[in-house]
Amino acid sequence: MPARAAPPIGGAALSRGVVTLYLTLIVLLPLAAVVEKATGGGLGAFWDSVSSAEAVAAVKLTLLVSLGVVAINAVTGTIIAWVLVRDEFPGKRIVNALIDLPFALPTIVAGLTLLALYGPRGPFGFNIAYTRLGVLAALLFVTLPFVVRAVQPVLIELDRDMEEAAASLGASGATIFRRIILPNLSPAILAGAALAFARSIGEFGSLVLISGNLPYKTEVASVLISNQVESGNPHGAAAVSVLLLAVAFTVMLVISGISRWGARHDV
Amino acid sequence: MTSNRRSRVTMRTIALGYLAVLLVLPVGFVFYRTFQHGLAPVWSSISQPDALHALYLTLVMVIVAVPLNAAFGVVCALLLVRHDFRGKALLNGLIDLPFAVSPVIIGLSLVLVYGESGWLGGWLTGNGFQIIFALPGMVLATVFVSLPFVVREVAPVLKEIGTEQEQAASTLGASGWQTFWRVTLPAIRWGLAYGIVLSTARALGEFGAVSIVSGKLVGQTETLPLRVDNQFQNFDVTGAYAAAVVLAVLALSTLFAMSRIQPRELDR
């Protein structure tokens, strides 16, 4: 075991104390309070809150739309990554920089821009405001970078020898993609898609203006939680929050599983 | 090779078309709508006292939350990469929590602890510290949502540079602080810079968490993203677009900073 460099800032014990205190006061204690609020009235009260018709409809919509987002992102994200790595065209650097725009742009602005162009006063004469299509569009906007940015580095590293060998043996472009490129990319696509899913189920800012939070129609879980907080029902809000947190943590576990799987594959 | 070429052009068309419909046209259209009638209405809207106060608050969020998370991020990354201790795997997992939690849940969770009837809020309010519906709560929310960025950018860089140079420095008699400032910090600077840019973007634009803890009091706890929402709901579309464009310009500047930093990272 090599000698370690002297740790800065007064040693490991102090930094551990500071890190633990910071995380506890800002993240852990508040999340514990949500769980306590949700279950403090007994499991019966918790169950009543999460099984109310409005909550079930909101959570169902959230999960369904998020799955749609994942499916679309897996395809478009892979195509965009492929074009950015394997294709050459003028302005490619700008397009590459543009991919990060949804991470940089405030979510409320993202929602506003979609509403401006595709909303009731838009120039095209159709209206996605207060529709499920609008919810889908907003989520696609904010999750766009995940799959692209996960797949891009893998595609850059991907050895072209195998593809050239397959091509010289007479494999078609589609076969090469399906049999060689896709298997190498799938851990990255899955990891990006899982991140997009985690983001979708909690997304709020971009949906506020566009969803119009119509219960049973366009009200997703995060909007329902916000409505319950504002109408003075913290118990109900906390109960739905705990449900959503459970889904999100499961997704995070899946992501860390995928990244371990991916690490094993890229020897 | 013609089929190859055709499929290449098809892929390019799909990719660029998707980006145009989803990103470029909507964002461009908001800029067009905002400046449709010239600069004067935009200027008069963003120079209103409430709008200026919102901009000021947004910048306060960035100036307080980003340095806090940068310092925390570096300390935490050093701890995770350079030390072994019990609970390290747990800490490593906990760091990512804020990315998995919905912003509204973050807002609610802070209210439940620091609000007037919250776990610590009663005592804090009794002693004259108002957290929720005030600036400290909004800062807490901003810190919560942007917490992982710096750790996640700095930790891999620390792992990659190893400890050889740090050891050499301390063998030559450098103190822990000197080693940190002269060796470690310069080595992680691009990772740190990228983490700071990402935190800044998030801090500038956070909506959900801040909206719940702020109480959305116009001219008092209203940040620029909250103003976009409020003006739009109150049918002041010009005001909403103007505030959105200010935010978009700030976002585009961070995007520019990102694209300047990223290639250097890849060259390393």
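**Notebook: two helix pairs**

Entry 1. I looked up helix H11 (residues 221-230) of chain A and helix H6 (residues 103-114) of chain B, whose axes come within 9 Å and cross at roughly 30°. Angles under 35 degrees count as roughly parallel, and H11(A) is therefore roughly parallel to H6(B). I noted that this is a predicted model.

Entry 2. I then looked up the hand of this crossing, and for H11(A) and H6(B) it is left-handed. From H11(A), the contact is made by Ser222(A), Ile225(A), Ser226(A) and Val229(A). From H6(B), Val104(B), Ile105(B) and Leu108(B) take part. Sorted by class, the contact of H11(A) with H6(B) has 5 nonpolar and 2 polar residues, with no charged residues.

Entry 3. I turned to a pair within chain B. The axes of helix H3 (residues 49-82) of chain B and helix H9 (residues 148-161) of chain B come within 8 Å, and they cross at roughly 40°. H3(B) and H9(B) are therefore oblique to each other. The crossing in which H3(B) passes H9(B) is right-handed.

Entry 4. I listed the residues of this second contact. H3(B) contributes Asn69(B), Ala70(B), Gly73(B), Val74(B), Cys76(B), Ala77(B), Leu78(B), Leu80(B) and Val81(B). H9(B) contributes Phe149(B), Val150(B), Val151(B), Val154(B), Ala155(B), Leu158(B) and Lys159(B). I recorded 13 nonpolar, 2 polar and 1 charged among the residues of the contact of H3(B) with H9(B).

Key
Residues numbered from 1 in each chain as written. Chains lettered and ligands numbered in written order. Predicted model: local features only at pLDDT ≥ 70, side-chain atom pairs only at ≥ 80, totals over all residues. Axes fitted to C-alpha atoms, helices over the stretch in contact; angles between N-to-C directions. Helix = DSSP H or I, 4+ residues; strand = E, 2+ residues; numbered from the N terminus. Parallel < 35°, antiparallel > 145°, perpendicular 65-115°, else oblique. Left-handed = near helix turned anticlockwise from the far one by under 90°. Contact = placed C-beta atoms within 7 Å. Nonpolar A, V, L, I, M, F, W, Y, C, P; charged D, E, K, R; others polar.
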